[in-house]
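Please look over the structure below with the sequence at hand. The report that follows takes selected parts in turn.

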Amino acid sequence: MEKSVLLEEGPQFRPWDPVSWGAGLTGEELHPESSVRSSVLIYAALTYEMDDGPSRRDPFMRSGFASGRSLGSRDAGESNKRENASTMGGFGVGKGFGNRGFPSNKLEEGDSSGFWRGFQDGNDSEASAPPRRGGRGGFRGCRGGFGLGSPNSECEQDEGRHALAASLDLGDQRLVARAMATFTKAEAGVGEEPDRFLRFFWGLHFQAGGGYKGLNEEVITGSGKNSWKSGTEGAESDDTQGPKVTYVPPAPPEDEDAIFAHYQTGINFDKYDSILVEVSGHDVPPAILTFEEANLCQTLNNNIAKAGYTKLTPVQKYSIPIILAGRDLMACAQTGSGKTAAFLLPILAHMMRDGITASRFRELQEPECIIVAPTRELINQIYLEARKFSFGTCVRAVVIYGGTQFGHSVRQIAQGCNVLCATPGRLMDVISKEKIGLRQVRYLVLDEADRMLDMGFGPEMKKLISCPGMPSKEQRQTLMFSATFPEEIQRMAGEFLKPNYLFVAVGQVGGACTDVQQTVLQVGQYSKREKLVETLRNTGDERTMVFVETKKKADFIATFLCQEKISTTSIHGDREQREREQALGDFRCGKCPVLVATSVAARGLDIENVQHVINFDLPSTIDEYVHRIGRTGRCGNTGRAVSFFDPESDRHLAQPLVKVLSDAQQDVPAWLEEVAFSTYVPGFSGSSRENVFTSVDTRKNYRGKSTLSAAGFSSSPVPNPADDESWD
Ligand SMILES: Nc1ncnc2c1ncn2[C@@H]1O[C@H](COP(=O)(O)OP(=O)(O)OP(=O)(O)O)[C@@H](O)[C@H]1O
C-alpha cells in the first residue's frame with residue numbers, strides 16, 4: 001500500500017494552485033520563520049489510498065501528482081521542486097499514518113486537545129452559529145480518540161469514512177501537532193469511483209501542546225473567553241488562542257478617486273420605487289424623497305454626489321429621517337439596496353451638526369458611534385463607506401478586526417476615533433484593554449443584525465451593552481439593519497432597543513432580491529462537481545461566487561477548479577487574514593473570476609460585477625440562502641443564482657425555497673414543489689425560522705402602522721393571506 005502526504009507551510013502553500021502542491025517540506029523547512037512562534041498553520045495535501053497503489057490506479061497520480069511532475073505547471077523550476085519534495089518522504093498517511101518518519105509517541109497522547117473539541121463541535125462548518133438542520137453538517141469525527149496505527153473501529157465500521165492523524169516534531173520548536181480528519185467519500189465529493197484516491201486538503205491550526213483554533217475567530221475567541229471584566233482574559237483573542245498575529249492590513253487608499261470609486265446603478269434601480277414599504281411604530285417621521293430633503297451639510301452632500309448617489313433607495317428614504325429624528329430603528333430591506341448609507345449618512349450628519357472632531361493621540365479613545373458586523377471583510381467595507389462619506393470632515397472612522405495585529409488596531413484607535421467599525425471579538429478586546437471607552441457612545445449600529453443577535457454573537461452583544469460606561473438604551477440610539485429578521489431574533493432585539501423603536505420593512509421581510517434570477521437544479525452529491533464545471537464553462541468569464549458548506553470543501557473545490565483550468569481562489573475562516581484579503585482582492589479585480597466561499601462571504605459583501613452565484617451546497621437556512629444570492633443583483637443590477645439541490649440533504653429547505661422563489665416571481669420547478677409538499681418540516685406553519693411567512697414586526701397592534709410605496713405614497717398592501725394571518 002503506497003501512501004503519501006505532502007506538507008507545506010500555509011503562507012507558501014496555495015491550495016487553489018496545484019503548482020504549489022508538490023513542495024513537501026522537512027521539519028526544519030516547515031518552520032523557517034521565527035515570527036511563527038507557538039503555532040503554525042499547516043495545510044496538508046493528502047493522497048489517500050482507497051484501494052490500490054496510486055501510481056497504477058489513479059489517473060491523477062499517473063499524470064504526475066505523486067511524483068511531483070508537472071500538473072500544468074508554469075515552469076520547470078516548480079516542477080523540479082515538487083519532484084524533490086516527493087522523494088523527501090518522512091510522512092506517512094492513512095491507516096498507518098505516522099509509521100514512517102514520525103515518532104510514534106507523539107500520536108498517543110490522548111485526545112485532550114482543543115483540536116479534538118473543535119472537531120466535535122463541528123469545526124468545519126463555517127461561521128453559521130445557528131444549529132444546523134438536515135443531514136449535512138460539521139464533520140462528526142470518530143469518538144474514542146485517535147492514534148498511531150489505524151483509525152478506531154467505529155471509524156472503520158462507518159462505511160467510507162476515513163481517519164487521518166498526524167504528528168510533527170518540528171525540531172527545537174517541539175511542536176506536537178495532531179490532526180484528525182474524518183470524511184466520507186460524499187463529503188470529499190469523490191463519489192463512488194473505486195479506483196480514485198481521495199485528495200484532500202485540510203487547514204489545521206496546530207498549537208504547542210495541541211489545540212484547534214477554529215471556525216470563526218470572532219465567535220470563538222471572543223465569546224466567553226475574554227470577558228471585559230478579566231484583566232488576563234482581556235488579551236487579544238486571536239493571539240491568546242493561537243499564533244501571534246502579525247498581519248497589518250494595507251492602508252486604505254488616500255487618493256480621492258479611489259475613495260469615491262463606485263459602480264453604476266443598474267437598469268432596475270428605478271423599480272425600487274414600486275416596492276411596498278411598511279413602517280410600524282408610533283409617530284413615524286415622514287419619509288423623504290430626495291437627498292436635499294434630508295438637509296444634510298454641504299460636505300456630506302458633496303460626498304454623496306462624488307459617490308454617484310443621485311436618488312435615494314427606499315430604505316434610505318425611510319431610515320434617514322427616522323435616524324435624524326433620534327429614533328431607534330430596526331430596518332429590513334433586500335440585499336444590495338443601500339442599507340449602509342441609510343445609517344451612515346444620518347449618523348454623520350448628526351456628528352457634523354454637533355461639531356464632533358477626533359481627539360488625536362490619546363491612548364483611550366471614546367467614540368461616539370460603534371458599528372459592529374459579523375465578518376472582517378464586511379466591517380472593512382463598512383469602514384471604507386464611512387471614510388468616504390466623512391471625507392473632508394473632522395470625523396474620523398477607524399476599523400479594527402480579528403486576524404490582524406492587535407497593536408495595529410490600538411495605533412489606529414489612538415490616532416483618534418469617532419466612528420469605530422469593529423468585529424465583536426476585537427471590539428471586546430480593545431474595551432477590555434481600555435483602549436476604547438464607551439461613555440460617549442451615542443449610536444450603536446448592528447449591521448446584519450439578525451446574525452449579530454443569534455447564538456453566535458448574541459452573548460457578545462449582550463456583554464457589550466452591559467459593559468461599564470456603555471450608555472443605557474435610553475441614552476443611546478440603537479440601529480439594526482439586515483435583509484432578514486427572523487421573529488425570535490426580533491424579539492431578542494427588544495433588549496437593545498427603546499420600546500418605541502420603529503420597524504421599517506422594505507418589501508417582504510426575508511425576501512430575496514427580485515433582480516436575481518434564481519434557478520434550482522436537482523443535483524445529487526456525486527454529480528455536483530461535473531455540474532459546476534459545466535455551469536462555469538457556460539458562464540465564461542463572468543465573476544462568480546461558489547458557495548460551499550465547509551472550509552475543507554472550499555479548498556477542495558477551489559483546487560479542483562484550478563485543475564480544470566478555471567482561475568479560482570477561495571475565502572473561508574481557516575485562511576489567514578492576509579490570504580482572505582488577497583483572495584477577495586483577486587476576485588474583485590477579476591484576476592480570479594471565481595471565488596469559492598463558505599458563508600463567511602455570504603453577507604454584506606458588495607463586489608462590483610458579480611453576475612453569478614452558485615450554491616454548490618445549499619446552506620442550512622433559507623435566510624442564509626437569501627444573503628448568499630444577494631451577492632449578485634445589487635443596486636438595480638441584474639444577476640443570476642444557480643443552486644444545486646440535493647434531495648438527500650436539502651429537503652428541509654424545499655418549502656421555504658418554494659416560498660422565496662414564488663415571492664420573488666421566479667419559476668418554481670415542479671419537482672421542487674413535489675419535494676416541498678411531500679416533506680414534513682416540523683414547525684413549518686408560519687412562524688419558524690425556516691420560512692419567511694413571518695410577520696413584519698413582531699410587536700402587535702400598531703395604530704401607527706403605515707404601508708406606503710417606496711416612493712412615499714400610501715397604498716394598500718398586496719394581499720398575502722399568509723402574511724395577513726400573522727400580522728396581528
Ligand atoms: N442611493 C444610492 N445611489 C446609488 N448607489 C447606491 C445608493 N445607495 C447605495 N448604493 C450602492 O449600492 C451598493 C449596495 O449598497 P449596500 O452595500 O449598502 O447594500 P446593503 O443593503 O447593505 O446590502 P446587503 O444586505 O447585502 O448588506 C453599494 O455599492 C452602494 O454604494
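## A helix pair

At roughly what angle do the axes of helix α11 and helix α13 cross? This is a predicted model. In it, the axes of α11 (residues 298–306) and α13 (residues 339–353) cross at roughly 150°. They come within 10 Å. Angles over 145 degrees count as roughly antiparallel, and α11 and α13 are therefore roughly antiparallel to each other.

Which residues make the contact? From α11 come Thr299, Leu300 and Ile304. From α13 come Leu345, Leu348, Ala349 and Met352. By class, the contact of α11 with α13 has six nonpolar residues and one polar residue. No charged residues take part. In an α-helix there are 3.6 residues a turn, so residues three or four places apart point the same way.

## The six-strand sheet

What is the strand order in the open sheet of six strands? The order is β14-β19-β18-β15-β17-β16. The pairing is parallel. Strands β14 (516–522) and β16 are the edges, and each pairs on one side only. From one strand to the next, the twist averages 20°.

Seven bridges join β14 to strand β19 (residues 639–645), and the two run parallel. Val520 has Ser643 of β19 as its bridge partner.

Strand β16 covers residues 568–571. Thr568 and Ser570 point one way. Thr569 and Ile571 point the other way. Are these residues of β16 buried or exposed? All are buried. In a regular strand the side chains alternate between the two faces of the sheet.

Four bridges join β16 to strand β17 (residues 594–597). These strands run parallel. Thr569 stands opposite Leu595 in β17.

Which strands does β8 pair with? Four bridges join β8 to strand β10 (residues 419–422), and these two run parallel. Cys369 stands opposite Val419 in β10. Four bridges also join β8 to strand β11 (residues 443–447), again running parallel. Val372 stands opposite Leu446 in β11.

Thr375 is found in the loop between β8 (369–372) and α14 (376–389). Why does Thr375 count as buried? Its relative accessibility is 8%, and buried means under 20%. Beyond residues up to four places away in sequence, Thr375 touches Thr423 and Val600.

## An enclosed helix

How many of the eight residues of helix α23 (residues 622–629) are buried? Eight of the eight are buried, so α23 is largely enclosed by the rest of the structure. The buried residues of α23 include Asp623, Glu624 and Arg628. Also buried in α23 are Ile622, Tyr625, Val626, His627 and Ile629.

## A buried loop leucine

Where is Leu497 found? Leu497 lies in the loop between α19 (487–493) and β13 (502–506). Leu497 is buried, with a relative accessible area of 1%.

Leu497 and Arg476 are 21 residues apart in sequence. In space they are 9.2 Å apart, C-alpha to C-alpha.

## Two positive phi values

Lys565 has a phi near 65°, a positive value in a residue other than glycine. Lys565 lies in the loop between α21 and β16. Is Lys565 buried or exposed? Lys565 is exposed, with a relative accessible area of 67%.

Asn609 has a phi near 70°, a positive value in a residue other than glycine. Asn609 sits in the loop between β17 and β18 (610–615). At 44% relative accessibility, Asn609 counts as partly exposed.

Key
Residues are numbered from 1 along each chain as its sequence is written. This is a predicted model: local features need pLDDT of at least 70, side-chain atom pairs count only at pLDDT 80 or more; totals for chains, interfaces and linings use all residues. Side-chain values use heavy atoms; hydrogens and water are left out. Axes are lines fitted to C-alpha atoms, for helices over the stretch in contact, and angles run from 0 to 180 degrees between N-to-C directions. Angles under 35 degrees count as roughly parallel, over 145 as roughly antiparallel, 65 to 115 as roughly perpendicular and the rest as oblique. Contact means heavy atoms within 4.5 Å. Ala, Val, Leu, Ile, Met, Phe, Trp, Tyr, Cys and Pro count as nonpolar, Asp, Glu, Lys and Arg as charged, and the others, Gly among them, as polar. Buried means under 20% relative accessible area, exposed over 50%, partly exposed in between (1.4 Å probe, protein chains only). Two strands pair if DSSP finds at least two bridges between them.
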